[in-house]
Amino acid sequence: MTEFNNTDQPPGVGRNRMLQAFYQSDQEWLCMCDDDVILDTRWGDTEYFLKHTDQVLAKIPRHINIVVPLNPTVIRLQHTLSQPIYSTHWRLERETFPTGKLVWHRRSRLIQQHTHIPALEDSIWGFEHWLGGGCVMRLNNIVLKEKSQPSSLFGKTGRNTAYQTAREQFLKMYPDVTVNKLGHIMKWNYIKTHSTTHPRFCDLPKTHTHRV
């Protein structure tokens, strides 16, 4: 494990340093993790994954080049893991705008994160991998946990203002991306017309017992 000190810098600056170091190595996978998150071993197959990370990653098809864990602040945790498929399979699900607090990135092509926007740089990075022919998936069997500590990332601006500004900047970067009547950005519609697409799910058989 290598620590990259990114004090007083936007997250994208530190992550870009990680990416550059990774692409100068001979490793196949990079695990890129912020210092305020961990994996929650109370749920799903997280504990097994941590003990057998290399074996699980080796099962993942070559076209998938970014994998993120399930974030329970976004995805319904118990509802998802109670589905029968998780008893027998690792389930990867398409992710068009991933949160990059914890991510596994397979060597493919070096795409750096934007450092001029106040938020969403990790999600836009995933989106641009789709546009570059990559495939971003969420491994629902493993669960993210954020540490309960205050963040000074957004300073006096505030999280909501930063995200709104970033959203507006993203739409300026990609003016052909549409927004529906509810205000949702239709990212997958744009990806489908500008890049190679893949099925929503990729299910890989497990060799151990599942627990929720």
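Biologist: As I understand it, helices are DSSP runs of H or I with at least four residues, strands are runs of E with at least two, and both are numbered from the N terminus. With that settled, where is the place of Thr7?

Modeller: This is a predicted model. In it, Thr7 lies in the segment before H1.

Biologist: Is Thr7 buried or exposed?

Modeller: Thr7 has a relative accessible area of 53%. Exposed means over 50%, so Thr7 is exposed.

Biologist: Which side chain makes a polar contact with the side chain of Thr7?

Modeller: That of Asn5, at 2.6 Å.

Biologist: And how far apart are Thr7 and Trp43?

Modeller: In sequence they are separated by 36 residues, and in space their C-alpha atoms are 31 Å apart.

Biologist: On to H1 itself. At what angle do the axes of H1 and H6 cross?

Modeller: Helix H1, residues 11-23, crosses H6 at roughly 45 degrees, and the axes come within 10 Å. H1 is therefore oblique to H6.

Biologist: Which residues meet there?

Modeller: From H1, Pro11, Gly12, Arg15 and Leu19 meet Glu121, Asp122 and Trp125 of H6. By class, this contact of H1 with H6 has three nonpolar, one polar and three charged residues.

Biologist: How do H6 and H8 pack?

Modeller: H6 spans residues 121-131 and H8 spans residues 187-194; their axes are 9 Å apart, at an angle of about 30 degrees. Angles under 35 degrees count as roughly parallel, so that description applies to H6 and H8.

Biologist: Which residues make the contact?

Modeller: H6 contributes Phe127, Trp130 and Leu131, while H8 contributes Lys187, Trp188, Tyr190, Ile191 and His194. The contact of H6 with H8 divides into six nonpolar, one polar and one charged residues.

Biologist: Which residues in H8 are buried?

Modeller: Lys187, Trp188, Tyr190 and Ile191 are buried in H8. They are on the same side of H8, because the arc they cover around the axis is only 155 degrees.

Biologist: What covers them?

Modeller: The cover over the buried residues of H8 includes H6 and strand S4, residues 89-94.

Biologist: Changing topic, where is Glu95, and is Glu95 buried or exposed?

Modeller: Glu95 sits in the loop between S4 and strand S5, residues 102-106. Its relative accessible area is 17%. Buried means under 20%, so Glu95 is buried.

Biologist: What is Glu95 in contact with?

Modeller: Apart from neighbours within four places in sequence, Glu95 is in contact with Val68, Trp130, Val136, Met137 and Arg138. With Arg138, Glu95 makes a polar contact between side chains, at 2.8 Å.

Methods: Residues numbered from 1 in each chain as written. Predicted model: local features only at pLDDT ≥ 70, side-chain atom pairs only at ≥ 80, totals over all residues. Heavy atoms only, no water. Axes fitted to C-alpha atoms, helices over the stretch in contact; angles between N-to-C directions. Parallel < 35°, antiparallel > 145°, perpendicular 65-115°, else oblique. Contact = heavy atoms within 4.5 Å. Nonpolar A, V, L, I, M, F, W, Y, C, P; charged D, E, K, R; others polar. Buried < 20%, exposed > 50% of the residue type's maximum accessible area, 1.4 Å probe, protein only. Arc of directions from axis to C-beta. Polar contact = N/O pair within 3.5 Å; in protein donor to acceptor, adjacent residues only side chain to side chain.
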